[in-house]
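Hello,

Here is the structure I promised to pass on to you. Have a look at it first, and then read on for my notes.

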Amino acid sequence: MCVHQQLGMSSVLVSGQSELSLAELPMESWMSELPCALWDTPLYHLAIPGSHNAITYCLDMNDRSPVDLMQPDLLQKLDKYMKPLIRPFVYKWAITQEFTIKQQLDCGVRYCDLRIAHRPNDSSTDLYFYHGVYTTLTVQTVLMEIREWLDAHPKEVVILSFSHFLALNQELHMLLLTTIRHAFTSKLCPKTEPLTLRNLWALGYQVIVSYEHTISSCHSELWPHIPYWWANKCKAEALIEEFEHRKQHGRPGGFFVTGINLTEDLKYICTHPTESLKDLVMSTYPTLLGWVKEQTPGSRVGSLNIIAGDFITESHFVPTVVKLNEKLLKWSS
C-alpha cells in the first residue's frame, strides 16, 4: 500500500495530473492515508486544517443565558435592558461553526480552538465553551464525543487547544485536567514524544493537548500554548497583508496557527445590520483560499503549519489545506 501510494503521488508530481491529489483523499481519514514519505515529518511541519472557536454550533439561545463576561460593558448593559433587540445580533456574529464537532472531524479538521468558561452564578462545577454567550453542551460531553470519534478513527491525530479559561480558579483547572485525562486516557501524547505520524501510530497516541496556563509546565500531558496568528481585520486583503508581513520574520519552532478568521468590529456590525458573520466569511473565502493555495508547509522561513478558519465545512477549506502537503513531497522526491 505504501509503495502504491508513493507511486501514485509521484505520478501526480511528475505529470501534473490532479486525479490523485491529496485534496481527493477521504477527509475523515486523510492523516492515515497520507503517503508514507510524510510519516516521519513532524506534525508541526505539516499543513493541518483547524477550526476557530470550534464549539459555537451550540450556543445557548435561551434569553436567560448571559452574554459572556469578556464582552464590553456597553454590550452587557444593552443586553440586560434591550435583550430582544440586542440578542439576535449577538448570535449572528458569535456563531463561527454550524456543524457538530464530530462532523467537523469527519470533514478533516484536526485542530480545535476550545475556549473554556465557568458560567457566572452557577453553583455546579460544570464547564462550558463560550463566544459571545455560553454553550449548552458541557466540556465533558464534547470531549467524550471526540473520544468516540477517535475510537472509530484510530490513525487520526487531533490537536486540542484549551485557552481563555473565563472564571476558572485552580480547583476548576484541576477538574478540567481530570476530565481531559478521563476522556482520552492512553491516547494523550506526553510532551516528550517525537510528533511524527509513524511514532504516534506505534504508541497509540491520538490527542495533543495544548493548555494556555502556567499549570501546563507541571503536567507531562499538557503541551504549552500554541501561538495563534490573529490579524484582527474585517477585510480579506488586510488580513493577507498582515500575514505576509509576519511571514517575513519566520515561523515559530513548534506548532503554530494562522487564523484566517476575520474579525468584525462594532462599526462593521452597525453598518451591515442585515448581515451575519457567515455572510462576511463566505463572501471572502474565495480570496482567502486563493492565498492559502499559495502557501507552503515545512520548516523554512515563511512556511505555515495549522491554518484555522470559520465555517470550515462550508467551502473547500479543508481539502485546500491538506493539498498543501504535496509541496513537501516535491522537496523530498
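Accessible areas here come from the Shrake-Rupley method with a 1.4 Å probe, and for residues only the protein chains shown count as cover. On that basis, the chain has an accessible surface of about 14700 Å², and carbon and sulfur atoms account for 56% of that surface.

Before the details, please keep in mind that this is a predicted model, in which local features need pLDDT of at least 70 and side-chain atom pairs count only at pLDDT 80 or more, while totals for chains, interfaces and linings use all residues. Residues are numbered from 1 along each chain as its sequence is written, and side-chain values use heavy atoms, with hydrogens and water left out.

The chain as a whole

Of the 333 residues, 54% are buried (under 20% relative accessible area, with exposed meaning over 50% and partly exposed in between; 1.4 Å probe, protein chains only). Taking contacts (heavy atoms within 4.5 Å) between residues at least 6 apart in sequence, 76% join residues at least 24 apart.

Two helix pairs

Two packed helices are described by the angle between their axes and the distance between the axes. The axes are lines fitted to C-alpha atoms, for helices over the stretch in contact, and the angles run from 0 to 180 degrees between N-to-C directions.

Helix H5 (residues 139-152) packs with helix H6 (residues 170-184) at an angle of about 25°, and their axes are 9 Å apart. H5 is therefore roughly parallel to H6 (angles under 35 degrees; over 145 is roughly antiparallel, 65 to 115 roughly perpendicular and the rest oblique). On the H5 side the contact includes Leu143, Met144 and Leu150, and on the H6 side it includes Leu176, Ile180 and Phe184. By class, the H5 and H6 contact holds nine nonpolar, two polar and one charged residues (nonpolar: Ala, Val, Leu, Ile, Met, Phe, Trp, Tyr, Cys and Pro; charged: Asp, Glu, Lys and Arg; polar: the others, Gly among them).

For helix H8 (residues 236-247) and helix H10 (residues 277-293), the packing angle is about 20° and the axes are 10 Å apart, so H8 and H10 are roughly parallel to each other. The crossing of H8 and H10 is right-handed. Among the residues that make this contact are Glu237, Phe243 and Lys247 of H8 and Thr284 and Trp291 of H10. The contact of H8 with H10 has six nonpolar, two polar and three charged residues.

Asn325 sits in the loop between helix H11 (317-323) and helix H12 (326-332), and is buried at a relative accessible area of 0%. Leaving out residues up to four places away in sequence, Asn325 touches Leu22, Trp30, Leu38, Leu46, Ala47 and Pro297.

Asn53, in the loop between strand S1 (48-51) and helix H2 (73-81), has a positive phi near 50° although not a glycine. Asn53 is buried, at 3% relative accessibility.

Phe165 belongs to strand S5 (residues 158-166). Phi of Phe165 is also positive, near 45°, and at 10% relative accessibility Phe165 counts as buried.

Best wishes

Key
Helix = DSSP H or I, 4+ residues; strand = E, 2+ residues; numbered from the N terminus. Left-handed = near helix turned anticlockwise from the far one by under 90°.
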